[in-house]
Amino acid sequence: MAELTERVRAGLVEVRRRIAAGGGDPEAVRVIAVTKGFGIEAVRAAAEAGCGDVGENYAEELLAKAGAAEGLRVHFLGGIQRKKVARLAADVDLWHSVDRLEEGRAIAAHRPGATILVQVSCDRPQDVAGRGGVELGRAAELVEALGAEPLVVAGLMAVGPPPPADPRPAFERVAALWRELGLAELSMGMSQDLEAAVAAGATMVRIGTALFGPRPAKTVAGAPRQVG
Ligand SMILES: *Cc1c(COP(=O)(O)O)cnc(C)c1O
């Protein structure tokens with residue numbers, strides 16, 4: 001078996017152990033293999049290692065790897081540019097980062113009935129913003145508005161605060177809202193903070209470096225951008 005596949009397989013075992021350590025059910029919490037920054041071989045390795053879900057942040061990268069992702073569930077995690085939605089619509093199974101009504105409408109226009117998550121900002125007003133997401137106090141309103149469109153609003157998504165901040169209070173705030181709204185899915189937790197996310201109630205975690213190792217400095221699209 002290829003070296004990268006072995007690495008992902010071992011990474012998955014460790015991630016599932018960490019999910020259990022966070023008090024989650026490793027069989028129930030979905031692990032999304034975040035292949036951003038890596039080539040098509042990362043998608044193949046994820047599939048061979050038994051991971052049925054892959055995540056991408058950038059439209060061009062997603063399109064470049066879509067062929068290899070056939071048969072896998074494809075998650076779009078990045079900022080949504082409305083002009084790129086048309087090209088992505090056929091390939092994306094779950095949109096994680098909808099934080100404006102217009103974005104949801106663009107998705108619905110190209111893929112009526114699409115399943116989306118509403119990205120919520122973990123930031124309190126005094127924190128530095130910039131990781132995206134609707135502010136917590138306005139999320140219910142947005143969920144309702146998006147629910148009136150031909151879309152399935154399956155849940156919420158959030159990116160935790162960057163270390164060394166304790167992610168737990170932020171995750172707890174998002175999880176409390178998620179429970180209040182009675183939604184099915186909660187996408188929270190990355191390589192550095194998955195235990196805290198699972199402890200708060202995450203139903204899916206988005207894992208890159210803990211499966212594939214450190215990302216190459218530049219993405220395929222040439223954008224050395226990083227979230228979190
Ligand atoms: C990159 C990214 C991840 C994965 O991050 P790792 O720290 O590599 O696990 C998860 N979610 C989003 C939104 C990302 O941009």
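Q: Before we look at the helices, when is a crossing left-handed and when is it right-handed?
A: A crossing is right-handed if the near helix is turned clockwise from the far one by less than a right angle, and left-handed if it is turned anticlockwise. The structure above is a predicted model.

Q: Which hand does the crossing of α1 and α2 have, then?
A: Helices α1 and α2 cross in a right-handed manner.

Q: And what are the angle and the distance there?
A: The axes of α1, residues 3-21, and α2, residues 40-48, cross at roughly 55 degrees and come within 8 Å. The two helices, α1 and α2, are therefore oblique to each other.

Q: Which residues make that contact?
A: From α1 come Leu4, Thr5, Val8 and Arg9, while α2 supplies Glu41, Ala42, Ala45, Ala46 and Glu48. By class, five of the residues in this contact of α1 with α2 are nonpolar, one is polar and three are charged.

Q: Moving on to α6 and α7, at what angle do their axes cross?
A: The axes of α6 (residues 136-147) and α7 (residues 168-181) cross at roughly 30 degrees, coming within 11 Å. Angles under 35 degrees count as roughly parallel, so α6 is roughly parallel to α7.

Q: Is that crossing left-handed or right-handed?
A: The crossing in which α6 passes α7 is right-handed.

Q: What meets what between them?
A: On the α6 side are Leu136, Ala139, Ala140 and Val143, and they meet Arg173, Val174, Leu177 and Leu181 of α7. The contact of α6 with α7 has seven nonpolar residues, one charged residue and no polar ones.

Q: Turning to the backbone, where is there a cis peptide bond?
A: Pro163 and Pro164 are joined by a cis peptide bond, with omega at about 10 degrees. Pro164 sits in the loop between β6 (151-158) and α7.

Q: A new topic: how many cavities of 30 Å³ or more are there?
A: A search of the whole structure finds two cavities of that size. The largest cavity holds about 40 Å³ of space.

Q: Which residues line the largest one?
A: The lining of the largest cavity consists of Val43, Val54, Glu56, Leu62, Lys65, Ala66, Ala69 and Val74. The elements giving two or more residues to this lining are β2 (53-56) and α3 (59-65).

Q: How does that lining divide by class?
A: In the largest cavity, six lining residues are nonpolar and two are charged, with no polar ones.

How values were computed. Residues are numbered from 1 along each chain as its sequence is written. This is a predicted model: local features need pLDDT of at least 70, side-chain atom pairs count only at pLDDT 80 or more; totals for chains, interfaces and linings use all residues. Side-chain values use heavy atoms; hydrogens and water are left out. On a 1 Å grid over the protein atoms alone, a cavity is a set of points where a 1.4 Å probe fits but cannot get out, and a pocket is an open set with protein on both sides within 12 Å along at least five of seven lines; lining residues have an atom within 4 Å of a point. Grid points are joined across faces, edges and corners, and a volume is the space filled by probe spheres set on the points. Helices (H or I, at least four residues) and strands (E, at least two) are DSSP runs, numbered from the N terminus. Ala, Val, Leu, Ile, Met, Phe, Trp, Tyr, Cys and Pro count as nonpolar, Asp, Glu, Lys and Arg as charged, and the others, Gly among them, as polar. Axes are lines fitted to C-alpha atoms, for helices over the stretch in contact, and angles run from 0 to 180 degrees between N-to-C directions. Angles under 35 degrees count as roughly parallel, over 145 as roughly antiparallel, 65 to 115 as roughly perpendicular and the rest as oblique. Contact means heavy atoms within 4.5 Å.
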